[in-house]
Amino acid sequence: MFKKDNRQVKHVSFLHALKLYMVLLAFRNGRDNVARLGYPTHLALHRIKAYDIALTVNILSAAQQPNYSCPRKCATKLTTETLIASVQDELESRSRYNAWLHSYGRRNFVKTAFLGKRMMAQEIAAYDWSRHPLGRIDEWPAALRTALGMILDSDFPMFLVWTGQFYAFYNDAYLPLLGSKKLDALGRRFADVWAEAWDVVGPIAEKAYAGESTYFEDLPIVVDRYGYPEQTYFSFSYSPVRGEDGQVAGVLCTVFETTSKVTTLARLKESEARFQLSLEASGNIGTWTVDAETFATTVDARFAHLFRSDAVDAERGILSLSAFTDNIHPDDRQRVLQSIAHAMESGSPYEEEYRLSPVDEALIWVSAKGRMFADLDTGKRRFAGVAVDITQRKQIETDLRRLAEGLAESNRRQQEFLAVLAHELRNPLAPIRTGLELIASTGDNPATVARIRKVMSRQVDHLVHLVDDLLDLARITSGKIVPKLSHVPLQDIVSQAIETALPAIEAKEHKFIVHVPKEPIWLDVDANRIAQVIANVLTNAVKYTTPRGEIVLMGRVENDNAVVTVTDNGIGIASDELPHVFDMFSQVVHNGEYSQGGLGIGLALAKQLTEMHGGTIWAESAGQNNGSTFTIKLPVINGTASPGNVEGSLGLHQPGGTRPRRILLADDNADAVNMLAQMLKLDGHEVRTASDGQQALMIAQEWIPDVALLDLGMPKMNGFELAEAMRASSLKDVELVAVTGWGNHEDRLRTTQAGFSKHITKPLDFSELRDYLASVGRRLD
């Protein structure tokens, strides 16, 4: 019965408690009753300590639990009679019980049973208290035993400090708060255990020891639990523990570490502060909150401004949700209301983009995002989120979409232009090739050769015109054309333009009518460029007018502007194509086909040249098959220009006889250089040729030419390098002429700086070369 196992220890503990209880009762009724019970008579009253009373009460309380293993009769009502009966039943085992009690139970179990069975209880029981100021466990006061029993059985972190020295006890739940201090904190002075924090917790403990309970929440304390200081936060309650005499004997504390909660809330507040700063910095992001039950809506000032609401009322939350949704554009309102209702009902995220009803024709776009939230304390639900003014973004998206559409249209026109360019280049090349084959077939028949030469000359002129238009357009677009202004009458410009377009007019047998005043209309313009504008408009009229049509050119002065109109009775321009007639690569389509010839850049070139002179040009048409009218308007100048400022006739200069010269031709295109050599020899010049720069330099050093016509892109030594070598030698007086396909302003400037006297673009105009050679001859002679 007295074996040392859990069940039997419980049994014995129960019996011992009963006997102690009966002893107490016996002493209450007299010493003889103790002997009557058979309990050791040497047990005097002064040895019945207060802890025996507490132990008895605790065990009796435990004995009443359903799962407690009781001896017989213990399940009955615990009265004095039943207790006495239970004790008497055990008297026959007294000798064996007393032997166990004195050998094990009395010395070991009885003094620690009040501690319980948890880990810290075992630590306290195993601790050698004989050398501690508190003394052995069996000498501890009842108040200490009671308080310890209470904290050791608790699942909440608790500690107990005893006497004014604050000797420390704590339960299992307190161990994580100690960190590495738990290794030697038991029984130590609390001021030594928490030395680094004693300036904070010491006064609180002293206050409790003085008899005043205290409570703190989220108190910041710097502790050193793992070998380094850390900022922590604790919520705790300090209570005094009084002894049998009513004086404070210790302090009991229930404590929770709230570091994680405090830091999380701090991060949340910091995040909210940053969010608020972001909202304020953005200037176009507003916040809103809708009560899910009352639909009362609270917004910030930015949201109120966005929705044109009173900011004070909006921030007070006295406005309803409809006060804001009514400002949504009617075409978007129903969709947004349905999305809000769905989000509030289902808890799903809300995200919409919509327009606000325009004010002063200013349309505002809004992007709104939100979701349902629940208050952690009250459980009250709210619908909250942000609204962003995205008007600028929408405008950028619109602009980008238009730009993309414009680029796509430009790309389409460019592709069409390349196809037309290929067509336009093949057209003149076909008769040139055919003419060459015809010459080879017919021999040297003078009449045939003369007829073919005229055809080939016309086609070459057409090719040159196409290339010149392309180059002019590129130069204007890049701002590399600077008009050469002079005072010139409009009549001369019109005459020059008609001279350019007349062959095409006559070829289609159009009736051409011109009405220009006889009195000079003076302009301050680049005559060649404005003539090019009028010629391009005339050429356009010729192309889009069926044969034997009618074209009328009129000039007049209107409000200090010279006005030139070109009207035809051709195919006209559809209303949807009219805004694009001056676009680059634009071609009017009629019945699904393009008109005859052209690259679609003539009118674009005319518009840019006109605007370069401060003028305007526009087109009008009543629709397809109703003809069209193009109008050019340029500012006039007052007064009459002096004859010296008036441009004269543009007729070609006819050079007189030119003395034969020594001419060096250098070009890696053998056909081109040989043809040019033959032409120069026919004029009586002495000619030598070279196919690269090094060969040309050797010939020049041996032969000393008067003039050198140099291609710029030759192998071994290009034209610039050859010019530099010649200028640095005895050949510095040779007249250098650059003959190249590169003809923009930068190219001409570079050849001038390299020492070339003349820049001629390919295909070479032989009359221009003759004029230059004549001028060189006059200087050399």
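A residue is called buried when its relative accessible area is under 20%, exposed when it is over 50%, and partly exposed in between, with a 1.4 Å probe and protein chains only; helices (H or I, at least four residues) and strands (E, at least two) are DSSP runs numbered from the N terminus. The model is predicted, with local features needing pLDDT of at least 70 and side-chain atom pairs counting only at pLDDT 80 or more, while totals for chains, interfaces and linings use all residues. Residues are numbered from 1 along each chain as its sequence is written, and side-chain values use heavy atoms, leaving out hydrogens and water.

In helix H22, residues 693–703, the buried residues are Gly693, Ala696, Leu697, Ile699, Ala700 and Trp703. Viewed down the axis of H22, these buried residues fall within an arc of 165°, so they line one face of the helix, the arc being that of the directions from the helix axis to the C-beta atoms. Met698 and Glu702 are exposed on the face of H22 turned away from that buried side. Among the elements covering the buried residues are strand S21 (662–666), strand S22 (686–690) and helix H23 (719–727), where contact means heavy atoms within 4.5 Å.

S22 and S21 also belong to an open sheet of five strands, ordered S22-S21-S23-S24-S25 with parallel pairing, two strands being paired if DSSP finds at least two bridges between them. S22 and strand S25 (758–761) stand at the edges with a single partner strand each, so one side of each has no neighbour in the sheet. Between the parallel strands S23 (residues 707–710) and S24 (residues 735–740) there are four bridges, and Leu710 has Ala738 in S24 as its bridge partner.
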